[in-house]
Amino acid sequence: VQAYERGAQVVEGLGESLGTFVDAGTLSDLTGIGAGLAKQITELWQTGTSQLLERLRGEQPPGAAELARIEGMTGKRIRALH
């Protein structure tokens, strides 16, 4: 999670120049963005979606993301509720 949060901060800081890094294939050269995250960002940029994200969403019960925002609501508790 922390890697994705750091990556989001880097992407946010790039602003409109993000496309330049995606097109050049140099995202992983940026501090805070590794090869795996660069692949996800590129896929999102080029297709508007992510196969990994869709797979992860499919593995979770409906409403899990919303429940996870509640303090103290762990993955184990969400699964028990489901």
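Author: Contact here means heavy atoms within 4.5 Å. The model is predicted, with pLDDT of at least 70 needed for local features and 80 or more for side-chain atom pairs, while totals for chains, interfaces and linings use all residues. Residues are numbered from 1 along each chain as its sequence is written, and side-chain values use heavy atoms, without hydrogens and water.

Reader: Which residues does S50 touch, not counting residues up to four places away in sequence?

Author: S50 sits in the loop between helix 3 and helix 4 (51–59); helices are DSSP runs of H or I, at least four residues, numbered from the N terminus. With neighbours up to four places away in sequence left out, S50 touches Q40, E43 and L44.

Reader: Is S50 buried or exposed?

Author: Buried means under 20% relative accessible area and exposed over 50%, with partly exposed in between (1.4 Å probe, protein chains only). The relative accessibility of S50 is 3%, so S50 counts as buried.

Reader: How far apart are the end C-alpha atoms of helix 1?

Author: The expected span is 1.5 Å times one less than the number of residues. Helix 1 (residues 2–14) has 13 residues and should therefore span 18 Å, which agrees with the end C-alpha separation of 19 Å.

Technical notes
Helices (H or I, at least four residues) and strands (E, at least two) are DSSP runs, numbered from the N terminus.
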